[in-house]
Amino acid sequence: MSSRRLRLALLALCLTVAVGVSGFVLVGPTSATVEKPLGPADTTVTLTVRHSHFSPDHLVVRSGTLVRFVIRNDDPIGHEFIIGDDGVHRRHEAGTEPVHPPRPGEVSIPAGATVETTFRFEGTTSSGRVVYACHLPGHFRYGMSGSVDVLPG
Ligand SMILES: [Cu+2]
C-alpha cells in the first residue's frame, strides 16, 4: 500500500471512530435536547422518564407560552414532575408531600404511567431559566432535573 493510500485509510478509520463516538454520545440518557424555541402559541411537550432522568432535559420556550407537558414514566418506580421558580423547588425538596394532587406544574407519576400537567411561562418581556425536577428523596441530587430557557415573548 502506498503511503498516500495508507494515510487515506487512516483518515477513514479516524472518521469512523469519531462518528461512532459522537453517535454514542447522542443516544446517552441525559443528552436529549430540544433547542428550537417553543411558542408563543400553546404547545405540547412530551417528556420521557427513564433511569431517573428526564428526556429531553432542556427546552427553550418563549415567554407567555402555555405548555402542556405529557410525561411518560418508563421506570418501575414512581417519580414526580415539579416545575416552577426557586421557591417552588425549595419547598418540594424540603417537603413532606409523598403524592401531589394534580396542580398546574406539579404532578406525581406512578411507575409506568403517563400523566399531564400545564404550565404557563409567565412574563412578556422577562427572560430567565425555569427548572423542572423530581424531588422524591435523592432524585434531584441524582440528576433528575431539566431546565427551560425562557426567551422574551
Ligand atoms: Cu424521581
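This is a predicted model: local features need pLDDT of at least 70, side-chain atom pairs count only at pLDDT 80 or more; totals for chains, interfaces and linings use all residues.
View 1. Helix α2, which spans residues 86-94, lies across strands β5, β6 and β8.

View 2. Five strands make up an open sheet, an arrangement of 5 strands in the order β3-β9-β8-β5-β6 with mixed pairing. At the edges stand β3 (58-62) and β6 (106-109), each of which has a single partner strand, so one side of each is left without a neighbour in the sheet. On average, and with direction ignored, neighbouring strands of this sheet are turned by 20° against each other.

**View 3. The pairing of β5 with β6.** Strands of a sheet pair through backbone hydrogen bonds, in either a parallel or an antiparallel manner. For β5 and β6 the sense is antiparallel, and the pairing extends over 4 bridges. In this region His79 stands opposite Ile109, a residue of β6.

**View 4. The aromatic pair of Phe54 and Phe81.** A search of the whole structure finds 7 aromatic pairs, one of which is formed by Phe54 and Phe81 in an edge-to-face arrangement, with 5.9 Å from centre to centre and 85° between the planes. Because Phe54 belongs to strand β2 (residues 53-55) and Phe81 to strand β5 (residues 79-84), the pair ties together parts that are 27 residues apart in sequence. Phe54 is buried, its relative accessible area being 1%, and Phe81 is likewise buried, with a relative accessible area of 0%.

**View 5. The aromatic pair of Phe69 and Tyr132.** The ring centres of Phe69 and Tyr132 are 6.4 Å apart and their planes meet at 45°, so this pair is tilted; planes under 30 degrees apart would count as stacked and those over 60 as edge-to-face. Phe69 is located in strand β4 (residues 66-73) and Tyr132 in strand β8 (residues 128-133), and the pair therefore links distant parts of the chain, 63 residues apart. Phe69 counts as buried at 0% relative accessibility, and Tyr132 counts as buried at 0% relative accessibility too.

**View 6. The cluster of aromatic rings.** Ring pairs join Phe54, Phe69, Phe81, Phe119, Phe121 and Tyr132 into a cluster. Among its members are the two residues of the edge-to-face pair, Phe54 and Phe81, as well as the two residues of the tilted pair, Phe69 and Tyr132.

Conventions: Residues are numbered from 1 along each chain as its sequence is written. Side-chain values use heavy atoms; hydrogens and water are left out. Rings of Phe, Tyr and Trp (its six-membered ring) pair if their centres lie within 6.5 Å; planes under 30 degrees apart count as stacked, over 60 as edge-to-face and the rest as tilted. Helices (H or I, at least four residues) and strands (E, at least two) are DSSP runs, numbered from the N terminus. Buried means under 20% relative accessible area, exposed over 50%, partly exposed in between (1.4 Å probe, protein chains only). Two strands pair if DSSP finds at least two bridges between them. Axes are lines fitted to C-alpha atoms, for helices over the stretch in contact, and angles run from 0 to 180 degrees between N-to-C directions. Contact means heavy atoms within 4.5 Å.
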